[in-house]
Amino acid sequence: MYKIEGRLSNLNNAIFYVVYESSEGNAVDTLVCDGKGHFIISHEQDDNLRIATFYYNDREQWFTVYPEAGKTVQVKGDAKYPALIQIKGGQINNKLSEFKKKAKALLKEQADISNNREENSPSNGESASKLANINFELKRITQDFISKNPDEEASAVLIETCFAHPDEMEQAEKLLDLLSPELNDYYIVKNLRSQIEKAKNSMAGVKAPGFSVINIYGQTITPDSFLNKYYILAFTALWCDMCQTDVMMLDEISTKYPEDSLEILLISLDDEMNEVRGMLRRDTIRWNLVTDSAGQAINLFEKYNVSSLPKCFLMDKDGIIKLRTANGLELMQTIDEIME
């Protein structure tokens, strides 16, 4: 059997939603802790159980436990700092707690800035700069930990946690190559290898995945629609403030370069056509737009391995991906360099 016992301070409520992940699928359960934040889970041995993720404070925060048959896992910490909760019992949990101890100061500062807990909260620009520096340093510490623990399953967990973003798959692959060959059959390593192969289809330097979609004007659009010109696939959504065309500098790019040299195709997750048409009527630019009608936008999101918004892909005249970015300034600068 396995047992998970813990005590957390500063919980907003006593309810946990626990997601159990095994090789046979997922299961969800509800757990209520006592007034002191104490909880216990005890089950008969399940050899297929891999992960138990505890969601709390209205599912806005969480921590993950890696159960090990015959081991009692102890959970202790401040609910306000989920990344710092100490989880001990079993090899993976113990090694991850060792990593958290090394990165404690950075993880705490990261949480304080993200949640605006500091008394003298800096401006948004200062916060973004600080977070970028903290994330950079955390990744450096993570890489160092992985290189020193190549035989540990916890190293694979850290790669999945810190480097599984589609834009960082190249770094994830380099770190996986540092791991012991004995971990090749570990399910997290297998999953990461599979994600990396998928991501390679949409990395800079490869042929852009093919597609056939119908825009809001009823026209069929394929890569052949952009023969002998550069084009941008811009993944967006009306509800995403940071995804608006002006923020991504698409308005400026569209007016700066004529359609016979550069075209833009917007792919939006929105399926409310009235809202989309209302937006277009207010815009002076006639956007070539594909919405999620019949799931075609979702299909493109999957083909281009897009997991967050906004995201833009710049393709050259041969349909090769020149740039994958979420930064409008980077997109503009790259186009300016190409068009010189």
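Trainee: Why is Cys312 called buried?

Mentor: In this predicted model, Cys312 has a relative accessibility of 1%, and because buried means under 20% relative accessible area, Cys312 counts as buried.

Trainee: What makes Cys162 partly exposed?

Mentor: The relative accessible area of Cys162 is 23%, and since the term applies between the buried limit of 20% and the exposed limit of 50%, Cys162 is therefore called partly exposed.

Trainee: How many disulfides does the structure hold?

Mentor: The structure holds 0 disulfides, where such a bond would require a pair of cysteine sulfur atoms within 2.5 Å.

Trainee: Why is Asn57 called buried, and where is Asn57 placed?

Mentor: Asn57 has a relative accessible area of 6%, and because the cut-off for buried is under 20%, Asn57 is buried; its place is in the loop between β5 (49–56) and β6 (61–65), and Asn57 has a positive phi of about 50° although it is not a glycine.

Trainee: What makes Asn305 count as buried, and what is the phi of Asn305?

Mentor: Asn305 has 12% relative accessibility, which falls under the 20% cut-off, so Asn305 counts as buried; phi of Asn305 is near 55°, a positive value in a residue other than glycine, and Asn305 is found in the loop between α9 and β14.

Trainee: Which residues does a cis peptide bond join, and where is Pro310 found?

Mentor: The cis peptide bond joins Leu309 and Pro310, with omega at about -5°, and Pro310 is found in the loop between α9 (296–303) and β14 (311–315).

Note on methods:
Residues are numbered from 1 along each chain as its sequence is written. This is a predicted model: local features need pLDDT of at least 70, side-chain atom pairs count only at pLDDT 80 or more; totals for chains, interfaces and linings use all residues. Side-chain values use heavy atoms; hydrogens and water are left out. Buried means under 20% relative accessible area, exposed over 50%, partly exposed in between (1.4 Å probe, protein chains only). Helices (H or I, at least four residues) and strands (E, at least two) are DSSP runs, numbered from the N terminus.
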